[in-house]
Amino acid sequence: MEHQSYIISPEDGWIVIAGLSVLWIGLGYYWGRRAKSMDGYMLAGRRVGLALGTATVMATWVTSNTTMLAPQFALELGIWGMIAYSTAALGLLLFAPLAKRIRALMPMGYTSGDFIRLRYGKPAWILFLLISIFYGFVWLISMGMAGGILMNAIAGIPYEIGMSVILFVCVAYTLFGGLYAVIGTDYIQSLLILIGIVIIGVAVFQIVDFNEIYSDLRTDKPMLLSAILPASIMAVFNNLLFGVGEVFHSNVWWSRVFAMSKKAGRRAYLLGGLIWLPVPVAAGFIALASGSLGINITRPDMVGPLVAANVLGEAGTIVVFMVFFCSLASSLDSLLASTSDLITQDIYKKMIKPDASDGHLRKASSRIVLVLGFVAWLVCLPRIGTLADVLFFAGPLVASTIWPIATGLFWRKANTRGAIAGMIAGSVTGMIFYFTVGWYSASLVGAATSMIVVVLFTHLYPAKFDWHKLDEKTALTRA
Amino acid sequence: MHFPELFVEIMIMISLGLISASVIVLIVLLIVDFVKQRVW
């Protein structure tokens with residue numbers, strides 16, 4: 001007979017899920033009343049302020065990967081692992097100046113695909129869409145699967161049911177409220193995530209002295225305290241570049257720039273990055289304390305709930321369950337909305353139905369959210385194992401887009417040939433390193449190759465790009 | 001060579017402090033946006 005003891009009872013798990021689900025769907029429906037136009041549904045009216053902007057940036061970046069993988073990084077790579085994970089904040093911080101530039105150059109833009117198409121032309125646009133949609137979909141699937149796995153591991157809810165419920169809830173409120181619902185719920189989710197992490201961290205400090213944790217680590221796992229751990233140091237750069245690549249290319253982040261008011265964009269990314277920066281350190285600390293608390297870790301990704309249960313009892317596990325649920329929901333809803341935007345604007349409108357009205361696109365966008373949710377559910381259903389490897393595989397692909405995007409926004413001389421060659425060369429060399437050296441080198445090599453190629457082509461074939469071309473609506477009116 | 005205990009402890013304490021402060025910052029920002037009618 002198989003015996004499995006869960007961290008909280010399935011009844012408590014269902015109560016938390018039901019409470020949060022009703023809240024999210026209710027708020028999605030309430031905010032959805034604002035989302036009548038296409039700009040309202042896709043971009044929350046383009047006037048989102050600093051508070052909601054900062055919270056949505058921070059909450060979306062706290063995926064289940066942060067709450068599950070950051071403790072795992074700490075347990076496997078030690079202090080450097082915590083620092084390595086924190087460097088992903090640089091993705092948000094470095095995107096801040098780009099956010100300002102994007103809003104100035106493309107005041108009526110919709111997607112990151114818009115920028116690549118207008119800046120580099122159709123072939124680069126198609127290549128970029130392949131990378132971006134592949135990455136977005138893999139991220140979506142990995143979140144859906146993580147939801148099912150977490151609910152099963154924490155509350156004993158069957159994988160298929162847990163995964164279906166979280167996907168259904170996120171699809172429902174995104175469908176009703178579009179980006180209004182996504183950003184509004186992100187605010188509440190970000191507060192719950194931050195408060196939950198502080199509660200667990202402070203509780204650990206109250207039960208065990210830090211010098212006890214440190215001396216236990218020094219005796220039992222001295223490698224975790226090592227200041228010279230080459231693989232971990234390499235992971236710092238890899239994580240940093242993967243993070244930068246993810247943020248620079250993904251429509252999740254571009255759509256937020258278009259959604260925020262002109263003044264809020266840059267500041268929201270700076271503040272969101274600063275708020276996110278300490279989260280992996282705090283989550284990693286909870287993992288490092290597990291030894292001193294006498295917790296036997298059989299699954300490193302479950303260390304958060306186990307420590308919470310140990311230090312706070314059942315109330316603690318409910319807190320951590322809420323943190324996980326919020327982390328998943330805040331990323332799932334963003335991915336559904338932004339991938340749907342990308343497909344609606346870049347594929348449906350630009351390739352299939354160029355004369356579609358706003359109302360028609362609004363309906364199409366809703367249907368695409370539904371289809372995306374259904375396809376994600378179908379792929380998640382067989383529980384094909386971990387998708388973390390596939391997500392890391394996407395690392396060099398997204399890292400190869402960093403330089404075509406950054407130079408394309410600031411250098412008039414950056415050109416189409418360089419962008420295409422940079423994305424292809426960066427992706428190929430990165431993948432070669434992924435298979436021959438390891439995941440921790442792939443993004444680093446992909447970004448470095450792409451940088452060399454883009455800079456070389458910029459000097460060999462300098463373009464004279466007219467920035468006004470990026471403001472498509474104004475350009476069309478002038479024409 | 002190990003990371004010194006004090007360094008690690010300060011890093012963790014600062015992190016928890018920053019996260020706590022972030023909650024207050026987010027609430028204050030929302031109040032300010034609400035008063036100035038620029039939430040959405």
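Q: What span is expected for helix H1 of chain B, residues 5-35, and what span does the model reach?
A: The expected span of a helix is 1.5 Å times one less than its number of residues. In this predicted model, H1(B) has 31 residues, for which 45 Å is expected at 1.5 Å a residue. From its first C-alpha to its last, the helix reaches a value close to that expectation, namely 45 Å.

Q: Which residues of H1(B) are buried?
A: An α-helix has 3.6 residues a turn, so residues three or four places apart point the same way. Counting as buried any residue with 20 or more other C-beta atoms within 10 Å of its own, the buried residues of H1(B) are B:Val8, B:Ile12, B:Ser15, B:Leu16, B:Ile19, B:Ser22, B:Leu26, B:Leu29 and B:Asp33.

Q: Which helix supplies the largest share of the side of chain A that touches chain B?
A: In the contact between the chains, 35 residues of chain A meet 22 residues of chain B. Helices H3 (50-61), H8 (159-207), H9 (210-220) and H13 (279-288) of chain A each supply at least two residues of that side of chain A. The largest share, 8 residues, comes from H8(A).

Q: How many nonpolar residues does the side of chain A that touches chain B have?
A: Sorted by class, that side of chain A includes 8 polar and 2 charged residues. Its nonpolar residues number 25.

Q: What ipTM does the predictor give the complex?
A: For chain B, the mean pLDDT is 92, and 100% of its residues reach 70 or more. For the complex, the predictor gives a pTM of 0.88 and an ipTM of 0.94.

Methods: Residues are numbered from 1 along each chain as its sequence is written. Chains are lettered from A and ligands numbered from 1 in the order in which they are written. This is a predicted model: local features need pLDDT of at least 70, side-chain atom pairs count only at pLDDT 80 or more; totals for chains, interfaces and linings use all residues. Two residues are in contact if their C-beta atoms, placed from the backbone, lie within 7 Å. Helices (H or I, at least four residues) and strands (E, at least two) are DSSP runs, numbered from the N terminus. Ala, Val, Leu, Ile, Met, Phe, Trp, Tyr, Cys and Pro count as nonpolar, Asp, Glu, Lys and Arg as charged, and the others, Gly among them, as polar. pLDDT is the predictor's confidence in each residue, from 0 to 100. A residue is buried if 20 or more other C-beta atoms lie within 10 Å of its own, exposed if 12 or fewer, and partly exposed in between; C-beta atoms are placed from the backbone.
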